[in-house]
Each structure stands twice: as C-alpha cells, then as structure tokens.
Amino acid sequence: MTFILSDEVSQVDLSHHLSSEARMRRPNPMKAIWKLTRRKPNMVSLANGDPHFSLYPIRRIEYEMASVEEADPVAAWRQAGPSAASTKLVSSTYEPCALPLQTGLQYSHGAGLPDAQRVVTELTKFYHSPLDHMCTLALGNSDGIAKCFRLLGEPGDHFLADEFSFSSITNVPLSQGIKWASVKMDDGGIIPEDLEKVLTNWNPERGRRPHVLYIVPCGQNPTGSTLSVERRRQIYEISQRFDLMIIEDDPYYYLQYAPLSAPTTDFSTPFVPSLLSMDVDGRVLRVDSFSKIMAPGMRLGWITSSALFHEHLVTYTDGSTHHPHGFGQMLITELLSGPNGWQIEGFDRWVRSLRAEYHRRRALFLSLFEREVASTGFAHAAVPEAGMFVWIRVALEKHPRYRADLRHVPGANRQGPRTNGAALMDELFERCLDAGLVIMPASIFALPEEDKFADTEDPVQDRMNYLRATFAGTEEAMEQGLAILGQTLREFFASADPPKQLEL
C-alpha cells in the first residue's frame, strides 16, 4: 500500500541528482514479492521464512503514556510525577488495537509497516501539507540523513552546509569522498546572499558545483538560530535557480518559541512554515524524528520526499538496515491512531505544551546567564527562537593576550588566521574542564575546509570564539554550570601570562 500526501504531482525531473550508487542499486526481489501479498485478502503464503506469531514469546505490550486531556499536559506530567494522569495503550496478539503484535513484529519492507507509514504520512500532512511527497520510516534522524547523503552524493562532490554544523552528521559523508563547502551564518542562520555567492563564484577546480544543501532550519545545532520565513523563501528560490536538492533536517521543528519577553509560548502560536511546505518541485527531502519530542532512544524517524526519491530510499533500506524495529512502529501507530491513543490532535497538544516547558527552561537559563556570565562583561548569549541550544560569544578582543596581527609576524602564514582566537578558546575549554564544566567549543562544529580554497579574507579560525550550551538539562545543572562558566571567564580574562606547559 502506498501513501501519497497529495494528488498534485510535480513535473520537475530531478532524477539527475541520484548518485551512481543509487542508480546501480536493485530492488530486493523478495521484498517486491512481499508487497504482492496484499493483492487480495487471505493469501496463502509458502514464500517467506517468517516465524509464526504463535511462537513469539510475547503476546501483549502495554505502554503507559502521559494523558493529553489536561490544559497543560507536559506540566501536569512533570509536576505530578508517579501520580500524574496517564493513558494506557496496548499492542496485542488478541486484543483490539491499531497494529496487532503479530503484524508489528513480522518482516516488512523498507518504507516501514503500512500502518506506521500511514500515521507519519498523516502527521506530515497535518503540519506541512506538501505536494507529491511520500514518507519512508528510518532509524531516527541520523539514519535518515545518512541515507539521503548516499542517495545523492558522488565521490568528489561538495555539499553545502552552515559553516558551524553538528559534526556527528557532517562527518558521515566524508568516507564517501564527499567534501563540504561552508556558507556563512549570522544570528538568523544561514545567509542566503552568501549561499548565492558561493554558488555563483564556484571554482571548477574544486569539482562540479554543489547540488545538495544540508540545513537545520529551526534551532540549528550548534548556534540555535532559526531561519525566518523570508530567508526560507530566498533559499528555496536560490535552490531552484541553481538546481539544488535540500536536505531539511528539522528535529527541533516542534520546539519553536515566542519572544523572550512573552511569559510563555502560547498554544495558539503558529509554527514557522517548513521548506517542505514550500516545495513545488520535489527538491526537498525532509527528515523528522521523535527523539526530541518523545525519547531519543526510540531511534525512530521518517524521511518525506517525492515519489522518485522514496522509491530509491526503500530500495536502499531493503538492502541495508531493513525497516525500523517493530516496537517503535507499534507505539506510534497506537499513539496516533489507536482506540486509546492521543490521535494527531492530542500529539499536537503535547508538542505545544512541550515547547511551553522549554520556553520556561530557556527563560531560566538566560536569566541565570545574565546573573552569572553576562555580568562579567566577557560573554554574550544569543536568544534562540527554537531548539535547546544557546550560542555564547566570548569577547576575546578584551583578553590581555589577544592578538589580531598574526599575519604580520615575521615568518607567519599570510593566508592563515589573523588572530590567536582559536588557541585562546582551546585554553578556555581546558580551564572549564579543570573547573568541572563540560561545554562545547565552536571548533568541533566548524566544517572541515580545503586549504587551497579556504576563505583567506575572513577565515573561520577567527570566528571560533563561541561556546554551545544547552537548557535541556536540569535546573540544578544550569545554575551550577553557569556559575562555573562565569568564574572561569573571570580567571581566564585576568590571566596575562600564558599557561605553563606540563613537563614531560
């Protein structure tokens, strides 16, 4: 069974974006036969080696989930603890349920179990209403993104991304021989004018011009930036002119906040339109996940793409990871469509309540930051509009050992960094660790560059003066951590002498 999000079909042929690997890959013939078993009811099968469900040592799974009947379900669930109101969902072999256990724990094909695929399709339609798109289940965001990279990338290609990006993801295509071309950012995220500049001035010596843009539009990791609607439209228009495919990685989509001056993010506050919702060509592959809104260990997400790319994603999945685990698929099916489940309306209440809770945590973090860190005069925090990260700028120009003249030192690299900012940030990071604080330095998020084609006018090494912190943890961790950061900054900026090297 195929679930299509709209009857309207894109007329743009984007098949030239498929990698050689994707073109050479062949469908799993056994999986193709599996789909034929739905041709008529009560088919008798002597085909697959599926253990009969009567031999499963399991016949019933019960999930106790938060109730979404309360006015603010997340606050009620968090504050009441074990006595909080709940609802119980059942996956069973014999009891009525949306996805019976004997189906949920059997083999399926790469798109996922049809009932689970159906509910994420309906969820996607509820929030994005895209044209000519289909959903493919994946083992969380990382798995979905990695498959998109394999689907589109050739050895020697360059992909585009924010100059500071989540390294666990940007490391993935390097083993394919794919390199990164960075696009500059500001507080509003990726800068469309710089994206266009990179594409217009592409040096053919680097290889073919990039045809894939990887982007996190809401609560970008690590900077916490969120693209405005206008920037999204500009990026999509540029992608059409330069024939780019867009991988829209959006795990923080549901965690979008009202301005800090508002007491909360009201349930009626609309979500920013996604790039998928703007896609009329089929050039957006959107990756969603339940990790940030339910639990990261679920390892369940989905890719929304045109029918063309859906078909190739299914073929790839059938020949690699196979479909995601049945337990997660049964849970989301019961949750979103089962007799006692939240349904999509209840899911929407949960995520709107969840972002109100994160709004509160963001406000607490930033008030503590003002008291403990900003008061030093040595750091400033950007206010994130979404997600769970705060991007902290360290005012290195105030440090007594800061230098901005490295290119003028005798024997220095005239194409290298102008400042010693990267070395000072390494020292600050070590001081934080010595003080008992783990915080992420900007250096680990900087996209790897090719020396020959690096930006010598504005090298990224001179923009490493940032730290990433999170407000997703406990209030105690925020209070203790920011107090340590403030004290460490005071000591660091008072240190006129370089640290002593350990004797070996």
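Which residues does Leu18 touch, not counting residues up to four places away in sequence? In this predicted model, the partners of Leu18 are Arg23, Leu151, Glu154, Leu308, Phe309 and His312. Leu18 itself sits in the segment before helix H1 (20-24). With a relative accessibility of 6%, under the 20% cut-off, Leu18 counts as buried.

| Helix | Residues |
|---|---|
| H9 | residues 229-241 |
| H12 | residues 326-337 |
| H13 | residues 343-372 |

Helix H9 has 13 residues, which should span 18 Å at 1.5 Å a residue; the end C-alpha atoms of H9 are 19 Å apart, in agreement with that value. Which residues of H9 are buried? They are Arg231, Arg232, Ile235, Tyr236, Ile238 and Ser239. Viewed down the axis of H9, these buried residues fall within an arc of 160°, so they line one face of the helix. After H9 comes Asp243, which has a positive phi, near 55°.

Next come H12 and H13. Their axes come within 6 Å and cross at roughly 100°, which means that H12 is roughly perpendicular to H13. On the H12 side, Leu335, Leu336 and Ser337 take part in the contact, and they meet Gln343, Ile344 and Phe347 in H13.

Conventions
Residues are numbered from 1 along each chain as its sequence is written. This is a predicted model: local features need pLDDT of at least 70, side-chain atom pairs count only at pLDDT 80 or more; totals for chains, interfaces and linings use all residues. Side-chain values use heavy atoms; hydrogens and water are left out. Helices (H or I, at least four residues) and strands (E, at least two) are DSSP runs, numbered from the N terminus. Buried means under 20% relative accessible area, exposed over 50%, partly exposed in between (1.4 Å probe, protein chains only). Contact means heavy atoms within 4.5 Å. Axes are lines fitted to C-alpha atoms, for helices over the stretch in contact, and angles run from 0 to 180 degrees between N-to-C directions. Angles under 35 degrees count as roughly parallel, over 145 as roughly antiparallel, 65 to 115 as roughly perpendicular and the rest as oblique. The expected span of a helix is 1.5 Å times one less than its number of residues. The arc is that of the directions from the helix axis to the C-beta atoms.
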